Amino acid sequence: MENEETLALIRYYCYEKHFNHAVNAAAAAQRKFSNDPVYSFWHAYGTLMQNQIQEATIELDTIRDTRDVSLCTLMALVYAEKKKTKPDKEVIQELDAKVKEDRKSASPKNLYNAGMFLWLLGRNDKAREYTERMIKLSNGSREGIILKAWIDVTSGKDAYARKAGKYFDEGLKERPDVFALMGKAQYYEYRQNYSGALEMANQVIVSFPGFLPALIKKMKLLLSLQDWEQTIDTAHRLLQKDKNNLEALQMLALHSLCRDGDIAECGRNEKVLEQTFRMVERAFSVASGNSDLATELGYQMVLQGRIKEAMKWYKTAMTLDETSVSALTGIIRCQLIEGRLEDAEQQLEFLTEIQQSIGKSGELLYLRALLAVKKHRSQEEVTNLLNDAVDTHFSILQGLPLGVEYFEKLNPDFLLEIVKEYLALCPAKPPAPGQPPAPQLQHCATLLDTVVKIVPGVLQGVFLLAKVRYQSGDIDAAQSSLHHCLDQCPSHADYHLLMSQIYLQQGNFTMCSQSLELCLSHNFEVREHPLYHLIKAQAKKKMGELTEAIQTLQLAMSLPGVRQAGSSSKSKIKKTELSPADCVSIFLELAEALWLNGEQHEAAKVMQDAINEFSGTTEELRVTIANADLALLRGDTELALSMLRNITPEQPYYVQAKEKMADVYLNHRKEKRLYASCYR
C-alpha cells in the first residue's frame with residue numbers, strides 16, 4: 001500500500017509537470033525501497049523533463065536491460081536523444097528497433113510502465129495501445145484498467161472520457177486505490193459534477209491521510225463549488241502539512257486579490273508587477289528558447305507602461321517563434337499606444353484575415369476598436385467592435401469552473417480597459433431628466449456587474465461601476481459604490497473627484513468643495529490633475545464666483561494633457577488620464593465663464609481654440625452645440641440654427657442638438673410648428 005501511494009505521488013507530480021518534486025520523491029523512494037528500478041526510472045524521467053539530458057541518459061543506461069522497465073527506458077532514451085540540439089539518427093534507429101524487438105516478449109508490468117510513460121508524455125493513443133495489450137496479457141489486470149481509465153478521461157475525446165467512470169469503478173471493486181480514487185474525482189470533474197468529485201477527494205483523505213494531492217484537489221473543488229471560506233480553510237490545512245505548498249500559497253494570494261482587495265490599486269500595483277516580472281524573467285533565464293515567456297515579459301512591461309521595453313520583448317518572442325499570434329498582438333498593442341497607426345492597421349488586417357484558422361480573439365477585436373477610436377471612425381463602428389470583443393472574450397469562459405484558470409482567462413484588467421473605451425464614447429454628465437442614458441452605459445453595467453461579483457476585491461471595477469451609475473443618472477447607487485471604495489482606500493484621488501462631481505450634480509456646493517479639499521489633503525499631487533480644477537471651477541461658477549472660476553480654468557488649461565486632444569497627461573499623476581469629454585469641458589466652461597464675465601472677445605478666442613483642437617474627434621459636436629449657444633447669446637439665431645442643422649442622427653449629441661433647435665424655435669423665433677417638428 002505504501003509503495004502504491006508513493007508511486008501515485010510521483011505520477012501526480014509528473015502529470016502536473018512538477019518535475020523537481022517528482023525527482024525528490026523518487027530519490028526518497030529509492031532510499032526507502034532499496035533501489036527499486038521503477039523509482040530509478042521516474043527519477044531519470046523527472047531529470048530529463050528538466051532538460052538535464054546527460055544526467056538522465058546516464059541513469060537510464062543503467063536500467064535499460066531491467067525486465068520491468070526496459071521498454072519505457074528505451075523510449076525515454078529515444079526521447080532524450082531527440083531533445084538534443086544535434087540528435088544522432090543512428091542511435092534513434094537502433095533504440096527504435098530494440099523497442100520493437102522487446103515489445104514482442106514484454107511482460108505485463110513492462111507494457112504497463114511503457115503505457116504510463118507514453119500517457120504522461122501526452123501520447124494518449126500510443127499509451128492506450130500498450131495498456132490494452134497489457135490488460136489482455138494479464139487477464140484484466142486492475143492496474144491496467146485504472147491506467148486505461150486515466151488515459152480515457154484525459155484524452156480530450158468525449159466518447160472515451162464518458163466510459164472512464166465505469167473503468168474506475170471496476171478498478172475500485174476490491175479495495176480503495178489512491179490512483180483510482182483520484183481518477184474518479186477527475187472523471188466527475190470532467191462531467192462538471194464537482195460535489196461528486198469532492199466526495200472522492202474526501203475518501204482519499206480518509207483512507208490515505210498522508211497523500212497531499214487529495215487535499216490540493218479538495219481545495220480546488222471547493223473553489224469550483226464557489227465556497228471561498230472552506231477553500232481558504234483547506235489552504236491553511238495544507239500549509240500546516242507543507243509550509244511551502246505552492247497551490248495553497250497561490251490560493252491565498254488569489255483570495256487576497258479577488259475577494260479582500262488587500263492591495264491598493266489592485267491589479268496594476270507596482271510592487272506586485274516588479275515581483276511577477278522577476279518571476280517570469282527567472283523562468284525565461286531557465287528556458288530562453290520559450291517564445292511564450294518572452295511574450296509574457298512583453299505583457300508585464302505593457303502593464304508597467306514601459307512600451308519600448310515591451311516592444312523589445314515581443315520582437316524577441318517573434319524571433320523565437322515567427323508564427324506567434326500573441327507576440328504579434330502585443331506588437332500591435334504597442335504600435336497603437338505609440339500612435340503608429342498605419343503599421344498597426346496593416347498587422348491587424350493580416351491577423352483578421354487569418355482569424356478563420358486561429359479562431360476569434362477578444363483582444364484582437366478590442367485592438368481593432370482602439371484603432372477605430374484613434375482614426376476617428378464612427379461611434380457605431382467602435383461600439384460594435386467592443387460588443388464583439390466582449391462576446392468573444394466571454395465565450396472562452398463557458399463551462400469553466402471557478403478556479404485559477406478561470407480567473408486568468410477572465411482577465412479583469414482587460415475587461416476594465418474595454419469599459420474605459422465604452423465610457424469614452426458617453427457624455428461625461430448624467431442625462432437630462434426624461435432622457436435615456438447613452439446605450440454603451442448598459443454594456444458597461446452588465447460587464448462590471450460580472451467583474452464585481454466575481455472579483456469584488458478589484459476596487460477599480462467597483463469605482464468604474466460607480467462612474468457608470470453616475471453617468472446613467474443613478475446617483476444613489478453611484479454614491480454607495482463610491483463609499484465602499486473610499487472605505488477601502490481613502491487616499492485615492494479618483495474616488496474623491498467623482499464624489500465631488502456627484503455633489504456638484506446635486507447642487508450641494510459645500511460638500512463638493514469639502515470633497516475636493518479632502519482629496520487634496522490625501523494626495524497633494526492632485527493639483528496637477530486638470531479634472532480637479534474643472535470641478536472646482538464648475539462649483540465656483542455655480543456659486544457666482546466668476547473671477548475665481550476663470551482663474552481656475554486657465555490654470556487647468558496650462559496643465560499637460562489638456563491641449564492636443566486625447567494625449568494622456570505626462571504629469572506625475574500617471575494613474576489618472578483625462579477623458580476627451582472632460583478635456584472639452586475645460587474649454588467650453590472657460591468660454592462660457594469669460595462670456596458671462598463680459599469678456600466676449602476672449603470667449604470667442606477660446607471657442608476657436610476648441611474648434612481647432614477637437615475637429616474630427618467624437619467631441620467635435622459638443623463644441624458645435626456650445627458655439628451655437630454663444631451665437632444665441634450674441635443674438636445670431638440664424639447662425640446658431642445653421643450650425644445645429646448640420647448634426648445628423650447617427651452622430652453623438654444629436655438629441656442635445658435637436659433639443660437646442662427646438663428651444664431656439666420656441667423661445668427665440670416663436671415658431672411653434674418648427675418647434676414641434678424637432679420632436680417628430
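1. Let's start with the pair H22 and H25. In this predicted model, helix H22 (residues 362-374) packs against helix H25 (residues 412-424) at an angle of about 25°, and their axes are 11 Å apart. Because angles under 35 degrees count as roughly parallel, H22 is roughly parallel to H25. Their crossing is left-handed.

2. Which residues make that contact? From H22 come Gly362, Glu363, Tyr366, Leu370 and Val373, and these meet Phe414, Glu417, Ile418 and Glu421 in H25. Sorted by class, the contact of H22 with H25 has 5 nonpolar, 1 polar and 3 charged residues.

3. Next, have a look at H5 and H6. The axes of helix H5 (residues 70-83) and helix H6 (residues 89-104) come within 9 Å, crossing at roughly 160°. An angle over 145 degrees counts as roughly antiparallel, and H5 and H6 are therefore roughly antiparallel to each other. The crossing of H5 and H6 is left-handed.

4. On the H5 side of this contact you will find Ser70, Leu71, Leu74, Met75, Leu77, Val78, Glu81 and Lys82. Their partners in H6 are Val91, Ile92, Leu95, Asp96, Lys98, Val99, Asp102 and Arg103. The class count for H5 with H6 is 9 nonpolar, 1 polar and 6 charged residues.

5. In the contact itself, Leu497, Ser500, Gln501 and Leu504 of H29 meet Leu531, Tyr532, Ile535, Gln538 and Ala539 of H31. The contact of H29 with H31 comprises 6 nonpolar and 3 polar residues, with no charged residues.

6. H29 and H31 also turn up in the lining of the second largest pocket, whose volume is about 1700 Å³. Of the 48 residues that line this pocket, Pro427, Lys429, Arg622, Tyr653 and Gln656 are the closest to its centre.

7. Where does the rest of that lining come from? Besides H29 and H31, at least two residues each are supplied by helix H23 (379-395), helix H26 (439-454), helix H27 (459-471), helix H33 (580-596), helix H35 (620-633) and helix H37 (654-668).

Terms used:
Residues numbered from 1 in each chain as written. Predicted model: local features only at pLDDT ≥ 70, side-chain atom pairs only at ≥ 80, totals over all residues. Heavy atoms only, no water. Contact = heavy atoms within 4.5 Å. Helix = DSSP H or I, 4+ residues; strand = E, 2+ residues; numbered from the N terminus. Nonpolar A, V, L, I, M, F, W, Y, C, P; charged D, E, K, R; others polar. 1 Å grid on protein atoms, 1.4 Å probe; cavity = no way out; pocket = protein on both sides within 12 Å on 5 of 7 lines; lining within 4 Å. Points joined across faces, edges and corners; volume = space filled by probe spheres on them. Axes fitted to C-alpha atoms, helices over the stretch in contact; angles between N-to-C directions. Parallel < 35°, antiparallel > 145°, perpendicular 65-115°, else oblique. Left-handed = near helix turned anticlockwise from the far one by under 90°.
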